[in-house]
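Visitor: I would like to learn how to read the pockets and ligands of a protein model. Please take it slowly.

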Amino acid sequence: MKTFKIAIDGPAGVGKSSTAKAVAKKLGFVYVDTGAMYRSVGVYCLDNNLQPEEVVPHLDKISIDMKYIDDIQYVYLNGEDVTKKIRTPEGSIYASKVAVIKEVREKLVSLQQQMGMHNNVVMDGRDIGNRVFPDADAKIFLTASAEKRAERRFNELNGTVPYDEILNDIKFRDKNDSTRKIDPLRPSSDSVIVDNSDMTLEETILHIYNICIERIEK
Ligand code: CDP
Ligand code: CDP
């Protein structure tokens, strides 16, 4: 059975997950948040006092499930609800650290590919167009300045985390994600690059939905 695959990649705070989730809903596709999977492996390290590189022998013991109830995504790590834990600043940093490990990427990429075999999916992450689905029906690379992305996160967190801390985290992860050896963050040659620095979320959603519809109906 042919399934449709939409890949949305880009740096932290650009609006990938909000956009991917809304586009998936409009298309009736399954939304897959691959960042939540890397974050869950990071939380496993934090909970078990492991340095990121020590997680490799544990990978077979790690199971990650995602469920949607009333449009809200819940993430389970070995049965435990880690939905909130994965979003802490520490969780973000650990996600980025485990994401440079080859074995971690192989395991998660394989799980993501299986999801796309059985469902029409909108998947967001860093390497979806390049690695997970090189044959995706539409590949979008979302981008915006680091300052704009930090401002969005700052507003999202209602000012509870200082702006400078958020900007530093974003810059740290931008560097880590784009300079790692395996599948660094970068647009594939066949992706549509969308700079949404001056677009609202609603404008971004509509723009990407229109690109997807055009590709799907071809
Ligand atoms: O939402 P945000 O963009 O802040 O991060 P995320 O998408 O939840 O991803 C968390 C971290 O996981 C990123 O900083 C990347 O290091 C890593 N990641 C990755 O390497 N590959 C993916 N496909 C998704 C996330
Ligand atoms: O998944 P990613 O880290 O790329 O970003 P996100 O969590 O979807 O979006 C980060 C924040 O930016 C959310 O509060 C979005 O509502 C907001 N956003 C925005 O204000 N304008 C946009 N054009 C896109 C996202």
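Guide: What follows goes through the pockets and then the ligands. This is a predicted model, in which local features need pLDDT of at least 70, side-chain atom pairs count only at pLDDT 80 or more, and totals for chains, interfaces and linings use all residues. Residues are numbered from 1 along each chain as its sequence is written, chains are lettered from A and ligands numbered from 1 in the order in which they are written, and side-chain values use heavy atoms, without hydrogens and water.

Visitor: What volume does the largest pocket have?

Guide: A pocket is an open set of points on a 1 Å grid over the protein atoms alone, where a 1.4 Å probe fits, with protein on both sides within 12 Å along at least five of seven lines; lining residues have an atom within 4 Å of a point. Its volume is the space filled by probe spheres set on the points, which are joined across faces, edges and corners. Here the largest pocket has about 1300 Å³. Of its 49 lining residues, Ser17, Arg39, Arg87, Arg153 and Glu156 are the closest to the centre.

Visitor: Which residues come nearest to ligand 1?

Guide: A residue counts as near if one of its heavy atoms lies within 4 Å of the molecule. There are 19 residues around ligand 1, and Arg39, Asp127, Arg153, Arg173 and Asp177 come nearest. Nonpolar means Ala, Val, Leu, Ile, Met, Phe, Trp, Tyr, Cys and Pro, charged means Asp, Glu, Lys and Arg, and the others, Gly among them, are polar. The shell around ligand 1 has 4 nonpolar, 5 polar and 10 charged residues.

Visitor: Which helix gives the most to that shell around ligand 1?

Guide: Helices (H or I, at least four residues) and strands (E, at least two) are DSSP runs, numbered from the N terminus. α2 gives the most, with 4 residues; α2 (34-47), α3 (89-98) and α7 (163-179) each supply at least two.

Visitor: What lies 2.9 Å from an oxygen atom of ligand 1?

Guide: A polar contact is a pair of N or O atoms within 3.5 Å. A polar side-chain atom of Lys16 is 2.9 Å from an oxygen atom of ligand 1, and a side-chain N or O atom of Arg180 is also at 2.9 Å from an oxygen atom of this ligand. Accessible area comes from the Shrake-Rupley method with a 1.4 Å probe. Alone, ligand 1 exposes 530 Å², and the protein buries 98% of that.

Visitor: How much space lies in the second largest pocket?

Guide: About 180 Å³. Its lining includes Ser18, Phe29 and Tyr68, and the largest share of that lining, 5 residues, comes from α1.

Key
A polar contact is a pair of N or O atoms within 3.5 Å; within protein, one must be able to donate a hydrogen and the other to accept it, and residues adjacent in sequence count only if both atoms are side-chain atoms.
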